[in-house]
Amino acid sequence: MKKVAYQKENIRVTMNMAWPSIIESFFVAFAGLIDSLMVSSLGSYAVAAIGLTTQPKFMGLSLFFAVNVAISALVARRRGEQKQEDANRILSTVIVFIIAAAVILSILFVVFAGPIISLCGSNAETHDSAVAYFRIVMGGMIFNCVQMGINAAQRGAGNTKITMRTNVTSNTVNIIFNYLLIGGHLGFPALGIQGAALATVLGTVVACIMSILSIRKKEGFISLPYIMEKRIMPSWQSFVHIVKVGYSVFFEQVLMRVGFMLTALMAAGQGTAAMAAHQVGMNIMGLSFSFGDGLQAAAVALIGRSLGEGDERLAKEYGSICRMLGMVISVCLVAIYFFGAEPLMRLFFEEEEIITIGVHIMYVIIFVVIFQISQVVYMGCLRGAGDTLYTAAASTISVTLIRTLVSYLGGYVFGFGIIGIWMGVLGDQVSRFLFASTRFRVGKWTKIKI
């Protein structure tokens, strides 16, 4: 009886940690969907244009995604080890690095926006709009990068409610300014697709301010006053720790983005109608990913803390609980997507051709989501423990090779078009699920020191 009560307590702890992260991640994905919905009022070309910027944008953020994984895992481990000074030294080191890297990359992406968008498969109908959107978003990327870094540290420390408030508020600002600036309401200028980009940047500015304010409390585990009082400076040793955990995640992110970009290129090659439906499908798939991402954030914090305390059994249990919760959510999403496929697509488009394509994509997403949330949770567990080399190899094989190959075969060799390309997305998710679940069950990840 005592063991059952202990397990119930672990479920309660997991849910308390997970629900703010799930809401935060869901709202970020939901804001992206609303972006597409509001932009769709300009025409399907605008939805397709924004879709073209997605993969190069994430390619530019790959370095920062890797840093975020490293900082969450390291701060969580230091929290378990009760090493507050080391955790804050990691944060101070990371912020200096993020600012320098963001400035350099931002300049490069703004200057070379035209050629980058051309490489992503733009055409005469979408190129200029995509370039304008991309330049504005990447020009303001420093605010996004700084807030992501601080929030990653807060999640590692277990402060998921703080990061939830930050992202929900910033994405609310994004949605409000989308309304004001895309079509021009309440006296604001009608800036079209550029208005959507400006709204995105304004949202990240708010998020950046809120994330900085969140570390002003002296009693927090991650604390700016603590850093100043102890005169904690960035250190080379902290940077080495970040690189050791994050380098494989960086290569994983880059190679994954190559795979995602190849898929997007194939989708763009199917025409503007197919690309528009594809973009909305990706936004909707992002909603289901958000649940896994939220559970992943909880798993990283709880597993890192447990391993820092030396409790491997508890770390495994937290991972299993997160996966169980993910499966329950998957079943609910399958029902929603099955019955809501056509109504969802009609929110975005009036053209029957695009709606038909979109509904068929939704039916593939039903199968995708069954594997997607579980693999995201398992991958998060492994990354949180520092098993990043394995996750990098698994993701590279799944996304860069399997996804690309199956998409090409389905879309072009067998002639299934955009649906064949989405079969590649399904193959990728199944592959990552098999890799991650197998590794999790073996349990070697609990022995890794970071």
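The mean pLDDT of this predicted model is 85 across the chain, and 98% of the residues reach 70 or more.

Now for a pair of helices. Helix α3 covers residues 84-111 and helix α6 covers residues 141-156. Their axes come within 9 Å and cross at roughly 160 degrees. Because of that angle, α3 is roughly antiparallel to α6. As for handedness, the crossing of α3 past α6 is right-handed.

Which residues in α3 and α6 meet? Here they are, helix by helix:

| Helix | Residues in the contact |
|---|---|
| α3 | L91, I95, I98, I99, A102, V103, L105 and S106 |
| α6 | M141, I142, C145, V146, G149, I150 and A153 |

Sorted by class, this contact of α3 with α6 has 13 nonpolar residues and two polar ones, with no charged residues.

Is T404 buried or exposed? T404 has a relative accessible area of 15%, and buried means under 20%, so T404 counts as buried. And what is T404 in contact with, once its neighbours within four places in sequence are set aside? The answer is G259, L262, M266 and V399.

Terms used. Residues are numbered from 1 along each chain as its sequence is written. This is a predicted model: local features need pLDDT of at least 70, side-chain atom pairs count only at pLDDT 80 or more; totals for chains, interfaces and linings use all residues. Side-chain values use heavy atoms; hydrogens and water are left out. Axes are lines fitted to C-alpha atoms, for helices over the stretch in contact, and angles run from 0 to 180 degrees between N-to-C directions. Helices (H or I, at least four residues) and strands (E, at least two) are DSSP runs, numbered from the N terminus. Angles under 35 degrees count as roughly parallel, over 145 as roughly antiparallel, 65 to 115 as roughly perpendicular and the rest as oblique. A crossing is left-handed if the near helix is turned anticlockwise from the far one by less than a right angle, and right-handed if clockwise. Contact means heavy atoms within 4.5 Å. Ala, Val, Leu, Ile, Met, Phe, Trp, Tyr, Cys and Pro count as nonpolar, Asp, Glu, Lys and Arg as charged, and the others, Gly among them, as polar. Buried means under 20% relative accessible area, exposed over 50%, partly exposed in between (1.4 Å probe, protein chains only). pLDDT is the predictor's confidence in each residue, from 0 to 100.
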